[in-house]
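Hi there,

Here is the structure I promised to pass on to you. Have a look at it first, and then read my notes below.

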Amino acid sequence: MRKARGIMGLLGAVAAAASAFSTLRTARGDKDKLALANAAASIAVAITGAALAVRGFRKDGKA
């Protein structure tokens, strides 16, 4: 069960990163500073989510 939850967390982080980069591209094109800040924060959230998922996998394998 923990592996499935870890995989879902990793997939969620990847989806969040894809959305954040899409938002970043749009915000840069529109020169919208608030949207740029939101995209940067979303990227940080995606990175943190991926790191948590990887840590969960490592704890599962006791590495």
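Where is Ala53 found? Ala53 sits in helix 2. Before the rest, a word on the ground rules: this is a predicted model, in which local features need pLDDT of at least 70, side-chain atom pairs count only at pLDDT 80 or more, and totals for chains, interfaces and linings use all residues. Residues are numbered from 1 along each chain as its sequence is written, and side-chain values use heavy atoms, with hydrogens and water left out.

The overall picture

The chain has 2 helices and 0 strands; these are DSSP runs numbered from the N terminus, with helices being H or I of at least four residues and strands E of at least two. Along the principal axes, the C-alpha atoms fill a box of roughly 45 × 15 × 10 Å. The radius of gyration is 14 Å, whereas a compact globule of 63 residues would have one near 11 Å (taken over C-alpha atoms; the globule rule is 2.2 Å times the number of residues to the power 0.38). Of the 63 residues, 14% count as buried. Here buried means under 20% relative accessible area, exposed means over 50%, and partly exposed is in between, with a 1.4 Å probe and protein chains only.

Where the helices meet

Back to Ala53: this residue is buried because its relative accessible area is 7%. Leaving aside neighbours within four places in sequence, Ala53 is in contact with Gly6, Gly9 and Leu10 (contact means heavy atoms within 4.5 Å). Ala53 and Gly9 are 44 residues apart along the chain, yet their C-alpha atoms are separated by 5.7 Å.

Thr23 is found in helix 1 and counts as partly exposed, because its relative accessibility is 28%. Not counting residues up to four places away in sequence, Thr23 touches Ala35 and Ala39.

The loop and an exposed residue

Lys31 lies in the loop between helix 1 and helix 2 (33–60). Its phi is near 55°, a positive value in a residue other than glycine. Most residues other than glycine have a negative phi. Lys31 counts as exposed because its relative accessibility is 70%.

Met8, in helix 1 (residues 2–30), also counts as exposed, at 57% relative accessibility.

Enjoy exploring it!

Best wishes
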